[in-house]
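Let's take a friendly walk through this protein together. Please have the sequence and the 3D view open as you read.

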Amino acid sequence: MNKPVIPLPAETAGAPATRRSADPADWRALFEQIGAGSSERERDRVLPFEAIGLLKEAGFGALRLAQADGGAGATFRQTYKLALDLAAADANVAHIFRNHFTVAEQYARRPSDEKSRAWQAEVAAGAIFGLASTEAGSNPAGGFAPDTKLDADGDGFRLNGVKYYSTGTLFADSMLVRAAAADGRVAAVIIPTRRAGIEIVDDWDGAGQRLTASGTTRFHNVRVEADEAVFDSPERGYGLAYSNTQAQLFLTTVVAGITRGALEDAIALVKRRKRSFYYAPVPTPADDPFLHQAVGQLAANAFAAEAVILAAAATLDRASDARDRGEDAEPLAAEAAKAAAQAKLVVDELALKSGSLLFETGGASATERAVNLDRHWRNARTIASHNPASYKAQAIGELLVKGTPLPAKGFF
């Protein structure tokens, strides 16, 4: 399926973005504004540039930066709570920020050199990062050997290759690209999305998450400066043990938000229904105890999903705090990876059940494409498919029975 390259939005202004606290009340009106058009945007395939612009202006991407650095100083628990609230309003928009928070956490929140301080300043000004890591080729299980190449060119490099699953990059100011140097070392290359030679194609054709622009990015002899390539090391970025736990839990947080979104749509559907089922015990759907039961179960699913996310996020905070203090954080990071994996097993199932149970609150008309209620199940199913639950359950079981550590790389 070939789709045109989409023009990128204007670059983020250099002035600091509007600052908000990590208090959900401060974000409620903006999230409601974004959520008001989310169903129609997905149904009609309108890319959410406007919604992303509003969030950039409000400083959403700077939540994890310290207040002294222009952020909100939010914990992971606070950040994931807000991400869940946003996902309940629009799962596509929340998902777009997943890679941004990962890159900003690893390379900008606690800068170690002049370049990372510059990246931090960009985040504080409202800029967001995208990611181009996964390739369509077959990498060996348990490893990552990118075909995208980073070749020496004078005092810098040239980048060539093709990436798939470039979620959020179409909306981003800069992107992180995983590439291999001639000596086999793998680097995180962080460059502006508008640099010459970069081609971003909106060809994602999944059943769900249709507006995340999770498609192809091509690199044609792209210039990379020496300080824009950060090679993996045990202390930083992808070389850090369990560095991807944050990204995994963010995906599951979006799924939890979808669970609440299904609940909110069910409540609205029952309230607006005029006709009831032939065998209904009462003539008015809003008075039907069976519909009340369905809504109650949806509410319980959403409550449980959020509780699980916040508990898992608290384990991430413990690992992050220890790392910030300069302590050995790997045991805490391993515990956070276990919590995130367990959260996925529970939340994915709750969301998929809710996406189906939603239709028990309506008649056949609730399946009309114009209403677009099926988006909740489709979006949850698409995100849940990123990393099969069976692998997570098996790894957790082997850890508990045999003491085998969880994989320190990949999506743990």
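How are α4 and α8 oriented to each other: parallel, perpendicular or oblique? Before answering, please keep in mind that this is a predicted model. Two packed helices are described by the angle between their axes and the distance between the axes. Here, helix α4 covers residues 76-89 and helix α8 covers residues 245-272, and they pack at an angle of about 45°. Their axes are 7 Å apart. Angles under 35 degrees would count as roughly parallel, and 65 to 115 as roughly perpendicular, so α4 and α8 are oblique to each other. Their crossing is right-handed.

To find where these two helices meet, look on α4 for residues including Phe76, Tyr80, Leu84 and Ala88. On the α8 side, the partners include Leu249, Phe250, Thr253, Ile258 and Glu264.

Let's zoom in on leucine 150. Setting aside its neighbours within four places in sequence, leucine 150 is in contact with several alanines, including Ala179, Ala182 and Ala229. Its other contacts include Phe157, Arg158, Val224 and Phe231.

Now for the backbone. Most residues other than glycine have a negative phi. Glutamine 209 has a positive phi, near 50°. You can find glutamine 209 in the loop between β6 (198-201) and β7 (216-224). With a relative accessibility of 1%, glutamine 209 counts as buried. Asparagine 372 also has a positive phi, of about 65°, although it is not a glycine. Asparagine 372 sits in the loop between α10 and α11 (375-384), and is buried at 4% relative accessible area.

Finally, a word from the records. An unreviewed UniProt entry places the feature "domain: Acyl-CoA dehydrogenase C-terminal" at residues 252-387. In the model, this span is 70% helix and 0% strand. The end C-alpha atoms of residues 252-387 lie 11 Å apart.

Conventions
Residues are numbered from 1 along each chain as its sequence is written. This is a predicted model: local features need pLDDT of at least 70, side-chain atom pairs count only at pLDDT 80 or more; totals for chains, interfaces and linings use all residues. Side-chain values use heavy atoms; hydrogens and water are left out. UniProt positions are given in the numbering used here, feature names are shortened, and annotations may be inferred rather than shown by experiment. Helices (H or I, at least four residues) and strands (E, at least two) are DSSP runs, numbered from the N terminus. Contact means heavy atoms within 4.5 Å. Axes are lines fitted to C-alpha atoms, for helices over the stretch in contact, and angles run from 0 to 180 degrees between N-to-C directions. Angles under 35 degrees count as roughly parallel, over 145 as roughly antiparallel, 65 to 115 as roughly perpendicular and the rest as oblique. A crossing is left-handed if the near helix is turned anticlockwise from the far one by less than a right angle, and right-handed if clockwise. Buried means under 20% relative accessible area, exposed over 50%, partly exposed in between (1.4 Å probe, protein chains only).
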